[in-house]
Amino acid sequence: MTDSKTERKAGRRDRAERHKPPGKFAFLPWLFMLTGDVQDLIKGELPLPWLGGAGVVAFAGLYALAVFTGLDKRQRATRVPYVALAGLAVVTYALTLGYGGDWLLCFPLLSLAAGVVLRRGLTESGRRLAVVVVTLAGSAGWIAGIRGGPSETLTVAYGTLLSGFVTAAILSLFEAVTQLRATREELARSAVERERLRFSRDLHDLLGHTMSVIVVKAEAVRRLAPRDLDAAIGQAADIEAVGRQALTEIREAVTGYRESTLNTELDRARSLLEASGITADIRQSGPPLPPQSAALLGWVVREGVTNVVRHSGAGRCTVEVRGETDQVRLEITDNGSGVGSDTATAGSPGNGLKGLTERLAAAGGHLTAGPDGRKGFRLVAELPVDSESEEDHRS
């Protein structure tokens, strides 16, 4: 296992290295294109060799400065790379106009530096770069025609045009790939956070309901034990069954495969209400629901009935499910104190109802909850039903 982890890390490092853009020193070897000119200066074959030497040194220094600052994110926001590029252009025109010949190769290097400094993203306008590179290519062709002959015009102009555009395109592509990788990693982190939130919400709803059932039935055992041992034993058996079912659901929730059905939750709601001494009126009508809609409404039944048992002090609770062709409506009402949230305050729903509201909104539905007149609490959930999903469910 250690070896496989090491191999995966090495693979990620290799992929990261492949996606890294060219470094600052990757463009310096292109300066060797001027080797022939430097040799001519050393041999004294050109007039004013000291002036040519100073020009070569200035060209190399300004070229390196333009490339280095153009590849540095912090320096690109300053004027340094643009000043270096302008100085490089002045030196290039001076050398090529003064000497001609192989010095015309300064233009492709100048165009390369312009591609580094003036590049933009793939989705941004590159008009400024295009104007500069085309101008340099035209200048190179014109000077080549004057100083080197017509045969060199097309070669130098094409090389100048190509070097600037290709350099800018390659760097922009590498930067776009880097941004996409960063975006993908951010989306992956967001997906993990959403899944953690979903799981914590499911676990909260599940344990809150289960513990409420266990507490209510344990109280029933305590009340019944002195006078009706058989009934108390039945309630104790229910506690055992609820605990076992809760363990099963927790395991399934951890693996992400738990699908609570609406019919199951309605049966549990009836059992919980009756064990709490609350008269239960459960009604269901309409066509069968798609599994996802039924599971979502099952969560609403679970949360709503749990809050009735915990906070309402009601003597009667009605749960009604009315399904139609295009939507389904779930309504839970009680005749209690007008409190139905899991914070025991009428105006501020707790985490359970808040989570259900978010789930229903994500599915295109909505949930409303609040006091029902002078006495009681009402929770209403409405959810659209996908007709295609419904037909698939029926078949």
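Reader: How many helices and strands are there in the chain?

Author: The chain holds 13 helices and five strands. The model is a predicted one. Of its 395 residues, 39% count as buried. The accessible surface is about 21,900 Å², and carbon and sulfur atoms supply 58% of that area.

Reader: What share of the contacts with a separation of 6 or more comes from residues 24 or more positions apart?

Author: That share is 71%.

Reader: Which residues does UniProt list under "transmembrane region"?

Author: The entry is unreviewed, and it lists residues 48-68, 80-97, 103-122, 129-149 and 155-174. Two of these spans can be set beside the model. Residues 80-97 are 100% helix and 0% strand, with end C-alpha atoms 26 Å apart. Residues 155-174 are likewise 100% helix and 0% strand, and their end C-alpha atoms lie 28 Å apart.

Reader: Which residues touch the most other members of the largest nonpolar core?

Author: A core of this kind is a set of buried nonpolar residues joined through side-chain atoms within 4.5 Å. The largest one has 37 residues, and Phe-27, Phe-59 and Tyr-63 touch the most other members. The elements giving two or more residues to this core are α3 (49-70), α5 (80-99), α6 (106-118), α7 (127-148) and α8 (151-224). The biggest contribution is from α6, with ten residues. There is also a second, separate core of 36 residues, which includes Leu-273, Leu-297, Val-300 and Val-319.

Reader: What is Phe-59 in contact with, leaving aside its neighbours within four places in sequence?

Author: Phe-59 is in contact with Leu-31, Leu-34, Leu-88, Val-91, Thr-92, Leu-95, Cys-106 and Leu-109.

Reader: Is Thr-92 buried or exposed?

Author: The cut-off for buried is under 20% relative accessible area. Thr-92 has 0% relative accessibility, so Thr-92 counts as buried. This threonine is placed in helix α5. Apart from neighbours within four places in sequence, Thr-92 is in contact with Phe-59, Cys-106, Phe-107 and Leu-110.

Reader: How does the same check come out for helix α11, and how many of its 22 residues are buried?

Author: Helix α11 covers residues 291-312 and should span 32 Å at 1.5 Å a residue; its end C-alpha atoms are 30 Å apart, which agrees. In α11, 18 of the 22 residues are buried, so this helix is largely enclosed by the rest of the structure. Just after α11, Gly-313 takes a positive phi of about 65°.

Reader: Where a helix has one side covered and another open, what is the general idea to keep in mind?

Author: An α-helix has 3.6 residues a turn, so residues three or four places apart point the same way. Thr-135 is found in helix α7. Thr-135 has a relative accessible area of 43%, so it is partly exposed. Asp-267 is found in helix α10 (residues 262-275). Asp-267 counts as exposed because its relative accessibility is 53%. Asp-267 and Ile-282 are 15 residues apart along the chain, and their C-alpha atoms are separated by 8.8 Å.

Reader: Which strands does β3 pair with, and in what sense?

Author: In a regular strand the side chains alternate between the two faces of the sheet. Strand β2 (residues 316-323) pairs with β3 in the antiparallel sense over seven bridges. A hairpin through three residues joins β2 to β3. Across this pairing, Val-319 has Ile-332 in β3 as its bridge partner. Strand β5 (residues 377-384) also runs antiparallel to β3, and eight bridges join them. There, the bridge partner of Glu-331 is Val-380 in β5.

Reader: How many of the eight residues of β3 are buried?

Author: Six of the eight are buried, and β3 (residues 327-334) is mostly covered.

Terms used:
Residues are numbered from 1 along each chain as its sequence is written. This is a predicted model: local features need pLDDT of at least 70, side-chain atom pairs count only at pLDDT 80 or more; totals for chains, interfaces and linings use all residues. Side-chain values use heavy atoms; hydrogens and water are left out. UniProt positions are given in the numbering used here, feature names are shortened, and annotations may be inferred rather than shown by experiment. Helices (H or I, at least four residues) and strands (E, at least two) are DSSP runs, numbered from the N terminus. Buried means under 20% relative accessible area, exposed over 50%, partly exposed in between (1.4 Å probe, protein chains only). Contact means heavy atoms within 4.5 Å. Accessible areas come from the Shrake-Rupley method with a 1.4 Å probe; for residues, only the protein chains shown count as cover. Two strands pair if DSSP finds at least two bridges between them. The expected span of a helix is 1.5 Å times one less than its number of residues.
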